Amino acid sequence: MEHLEEDEVVVLEPVSPTAQYFTSSVLSVSNIGVMELENPLSESQAISLLKTLFLPISLRFSSIVVEINGKKRWKRVEVKLEEHISVPIIPSNLSTESYEKYLDGYISKLALERLSQDKPLWELHILNYPTRNNNAACNLIFKLHHALGDGFSLMSAILSCLRRADNPCLPLTFPSRQRSQQMSDESFLSRTISSVFNTISDIWRSTVGEDDLSPIRSGNGIEFQPITVATMTFSLDQIKSIKSKLGVTVNDVLAGMIFLGTRLYMQEINRSSSKARGTAVVLLNTRMMGKYTSIQEMMKPDSKMPWGNHFTFLHVPIPNLSLPEDHDHDFPADQYSNALDFVWEAQKIITRKRSSLAIYLTCRFLEFLNKFGGHEAAARYIHSTLKNTSMMISNLIGPVEQMALANNPVKGMYFLVFGSPEGLDVTIVSYMGKVRVAFKMEKGLIEPQKFKSCMQNAFEMIRKASDEYPIPTQKNSKTIKHL
């Protein structure tokens, strides 16, 4: 990073506190977005698209972070597009399976590398080789530093470069975000007392506690250590069917599936880990939620959907599996407990934590650390918080219709987060009636195929249980306990 005197350069806006945390010595976090294209994309096409569509979106895409008198700012620089594009060349006569292994290895390699601080903080990688995922002919990989913006900002930026494949003149549409109507019979006093208790509990769990070592957590920070990447696809219609029957949200169903699948995997690897303390850090967008808006609207000073990093963390305890007292060693996985309890429990916990004051107090505490200890102190706190947990979950909503990049149809997409210390990340995005779930796993600790199998079993358990019990009479089951 450059260290300059104030009169040496004309600079742009100051780097936001969150962006400073993510460009510190202990944290360098990047988002990876993968678009699976129907046709190959040439380097010359990519350069033209970047110049006309991508760079004009935000001045940050043409800027680097510099330090002036101890404060970080954005500095506009000349962008040499050829330095940001990689087009790896491998033999053209390999099998599709070999190309997929190469793609997995390539993405894993990207996780090990920090973005250069001497040029704008993004890269584009073009892999023009066939893969079985959606029968793609090209995998287009964006690597974007988190200092540029959060997932919502970067998704908005990418969407602004794309058009509807069926009719470019029509706008993209997105699934409804309407939550199920829920009535509370709690009094104001009861809710207030509950909020205070939950706030204390949440602060204690996020600042003092540390998860147990388990089949998904080694306790070693894996910021730039070898990882494994895997993805799965689920039907959005099936998830919505479960949602309607249970009176919950799509996110509740997905969270319940992830928690149940994770516990099934832990149980299969080590039965004693069924009671291990586990926490998921769930990323929460703090904007006034609504549909994606234009980049021009996001850049306005008073925008309700502003560009940048606007999110916080929810610390959600992973529910435990419940076993009958007389169970034996070969007790079937699908009878550990009522699978629907994981969905309802996820809904209850996340709803409670959204109203907890811990979110507000954590933000204020980070501001305090940044003011009196600098961004490095705040970054160390975030790093230790993530390192002490077992997993992170993040999700984005994609369009209903198929998109195209310069008339090249996008057949699928997913995203990942690199550079954070936790050993398991789960990232989710919806697109064209499907939900793509991607897993970033610590290599050598988590077995990808077995983990995916447990996740598939969890989904089937929840789906079948929702068919059998379409109208639940008791949501707050007592079969799930927390440590």
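**Helices and a sheet in a predicted model**

Helix H7 passes helix H9 in a right-handed crossing. Right-handed means that the near helix is turned clockwise from the far one by less than a right angle, and left-handed means anticlockwise. Helices (H or I, at least four residues) and strands (E, at least two) are DSSP runs, numbered from the N terminus.

A word on the source. This is a predicted model, where local features need pLDDT of at least 70, side-chain atom pairs count only at pLDDT 80 or more, and totals for chains, interfaces and linings use all residues. Residues are numbered from 1 along each chain as its sequence is written, and side-chain values use heavy atoms, with hydrogens and water left out.

Back to the pair. H7 covers residues 250-269 and H9 covers residues 339-354. Their axes are 8 Å apart, at an angle of about 120°. Axes are lines fitted to C-alpha atoms, for helices over the stretch in contact, and angles run from 0 to 180 degrees between N-to-C directions. H7 and H9 are therefore oblique to each other. The cut-offs: under 35 degrees is roughly parallel, over 145 roughly antiparallel, 65 to 115 roughly perpendicular, and the rest oblique.

Which residues of H7 meet H9? Asp252, Val253, Ala255, Gly256, Phe259, Leu260 and Arg263 do. On the H9 side, the partners include Phe342 and Ile350. Contact means heavy atoms within 4.5 Å.

Next, H9 with helix H11. These axes come within 8 Å and cross at roughly 95°. H9 and H11 are therefore roughly perpendicular to each other. Ala339, Leu340 and Val343 in H9 meet Met461, Ile462, Ala465 and Ser466 in H11.

H11 (residues 448-468) also lies across strands E9, E15 and E16. It runs at about 25° to E9.

That takes us to the sheet. Six strands form an open sheet, in the order E9-E16-E15-E12-E10-E11, with mixed pairing. Strands E9 (227-235) and E11 (311-317) stand at the edges with a single partner strand each, so one side of each has no neighbour in the sheet. Two strands pair if DSSP finds at least two bridges between them. E9 and E16 run antiparallel, joined by nine bridges. In one of these, Ile227 has Glu442 in E16 as its bridge partner.

Last stop, Ser62. Its place is the loop between helix H2 (43-54) and strand E3 (63-68). Is Ser62 buried or exposed? Ser62 is buried, because its relative accessible area is 6%. Buried means under 20%, exposed over 50%, and partly exposed in between (1.4 Å probe, protein chains only).
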